[in-house]
Amino acid sequence: MQLNIKKIAEMAGVSVSTVSKIINNYSDVSEKTKKRVMEIIEQTGYSPSNSAKTLATKKSSLIGVIFAGELNVEFTHPFFVEVLNAFKKQMGVLGYDLIFFSNEKFISSGDYYSRCLHFNVDGCVIISGQNMEPAIRDLDMSSIPCIGVDLELRGKKSGYVMSDNVQIASKVVEHFYLLGHRELGFIGSTADSDISNQREAGFVKAVESFGLTLNRNWFVHGDDFFESSGYTAMRRLLESGSMPQAVFAASDLLALGAIRALKEQGLRIPEDVAIIGCDDIEACKYTSPTLTTIRQNKERLGVLAAHMLYDLINNQSDGGSFVVEPALIVRESCGSKLTG
């Protein structure tokens, strides 16, 4: 006989909902009934399925993971991989499993809300991307708890975590300034990238606060945050015939692409052009030269996202946001000695 929760209920002479309550440790069942049902479960070796466990609680213990956008980061971006690993580990401790949603066929007409209802997820974490589909905002405004990573969510059951992007840029400009660099450039992602735009705005503000001249000809952008875009952007800057003394790249991968382009032209880093990236991915330690960067606390971002989502799911929070402080990591690509 194939056992299921209905069979257990019949054998015990109780309702299916009563068995579900006992499985989920609800208190409104008599000790006598609990004992009888648990004896049957032990004798039969029945192992309740996840769907059986959700009958009483209406919770699946599943968290949806969504990589937002047409040019999504997927598993190839080391920053988001580290954040997601920390998130996964903490959600596991809190008793949840992850389910990953594909957006390959749903860019223009995807309905994340319906798909979340279909899989009965308890909540979602949404990883920031570019060219985000409208369905992301629809999900944000729904009743399903959502936490954005590097993505500002404003729904009644939503929140987000990100690094302080203005402070990131401020630390970069301050370090350049103390090293004696006064002619500064910027490499960013596309114009619709909120993160790139925030870092660029912070960079502009910091340059102006030091009283430096802002040269917009030294501001170039790629198609995304990856190495090939950094290479192409730096090539455009080199071909312009005018070069800054130092360049802030909005991600480490952009910085590594820029360094490759500079080396091809026989330029030295940092002697001819100083470079600072952002993220502090593992590769920064092993490049030549090693990359000066702004470290985002990836583990803290992931753990915070997990706790915030847990609180939203369990009605212990109304959402909100956490902004995590970054740190300057000095290596070879910018020089390590301060002037004066």
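Begin with Asp 280, which is placed in the loop between β9 and β10. The model is a predicted one. Asp 280 is not a glycine, yet its phi is positive, at about 65°. Its relative accessible area is 8%, and it therefore counts as buried, the cut-off for that class being under 20%.

Display next the side chain of Arg 295. Asp 280 and Arg 295 form a salt bridge in which the closest N and O atoms are 2.6 Å apart. Because Asp 280 belongs to the loop between β9 (274-279) and β10 (292-295) while Arg 295 belongs to strand β10, the pair ties together parts that are 15 residues apart in sequence. Arg 295 is partly exposed, at 36% relative accessibility.

Step back to Asp 279, which is found in strand β9. Asp 279 also has a positive phi, near 130°, and is a residue other than glycine. Its relative accessible area is 3%, which makes Asp 279 buried.

The peptide bond that joins Ser 288 and Pro 289 is cis, with omega about 0°. Then move to Pro 270, in the loop between α11 (252-264) and β9. Here the bond from Ile 269 to Pro 270 is cis, and omega is near 10°.

The structure holds 11 salt bridges. Select Arg 235, Glu 239 and Glu 264 together: a network of salt bridges links these residues. Within it, Glu 239 pairs with Arg 235, with 3.6 Å between the closest N and O atoms. Both lie in helix α10 (residues 227-239), 4 residues apart, and so are separated by about one helical turn. Glu 239 is exposed, with a relative accessible area of 58%, whereas Arg 235 is partly exposed, at 27%.

Now select Glu 200 and Arg 216, whose side chains meet in a salt bridge of 3.1 Å, N to O. This pair links distant parts of the chain, 16 residues apart: Glu 200 is in helix α9 (residues 194-209), and Arg 216 is in the loop between α9 and β7 (219-221). Which of these classes, buried or exposed, applies to Glu 200? With 11% relative accessibility, Glu 200 counts as buried. Arg 216 is partly exposed, its relative accessible area being 47%.

Colour the strands next. An open sheet is formed by 6 strands, in the order β2-β1-β3-β4-β5-β11, with parallel pairing. Its edge strands, β2 (97-101) and β11 (320-324), each pair on one side only. From one strand to the next, the twist averages 20°.

Cys 146 stands opposite Ser 158 in β5.

Finish with helix α2 (residues 16-23) and helix α3 (residues 31-44), whose axes come within 10 Å and cross at roughly 85°. The two helices are therefore roughly perpendicular to each other. To see the contact, show Thr 18, Val 19, Ile 22 and Ile 23 in α2, which meet Thr 33, Lys 34, Val 37, Met 38 and Ile 41 in α3. The residues of this contact comprise 6 nonpolar, 2 polar and 1 charged.

Technical notes:
Residues are numbered from 1 along each chain as its sequence is written. This is a predicted model: local features need pLDDT of at least 70, side-chain atom pairs count only at pLDDT 80 or more; totals for chains, interfaces and linings use all residues. Side-chain values use heavy atoms; hydrogens and water are left out. Axes are lines fitted to C-alpha atoms, for helices over the stretch in contact, and angles run from 0 to 180 degrees between N-to-C directions. Angles under 35 degrees count as roughly parallel, over 145 as roughly antiparallel, 65 to 115 as roughly perpendicular and the rest as oblique. Contact means heavy atoms within 4.5 Å. Ala, Val, Leu, Ile, Met, Phe, Trp, Tyr, Cys and Pro count as nonpolar, Asp, Glu, Lys and Arg as charged, and the others, Gly among them, as polar. Two strands pair if DSSP finds at least two bridges between them. A salt bridge is a side-chain nitrogen of Lys or Arg within 4 Å of a carboxyl oxygen of Asp or Glu. Buried means under 20% relative accessible area, exposed over 50%, partly exposed in between (1.4 Å probe, protein chains only).
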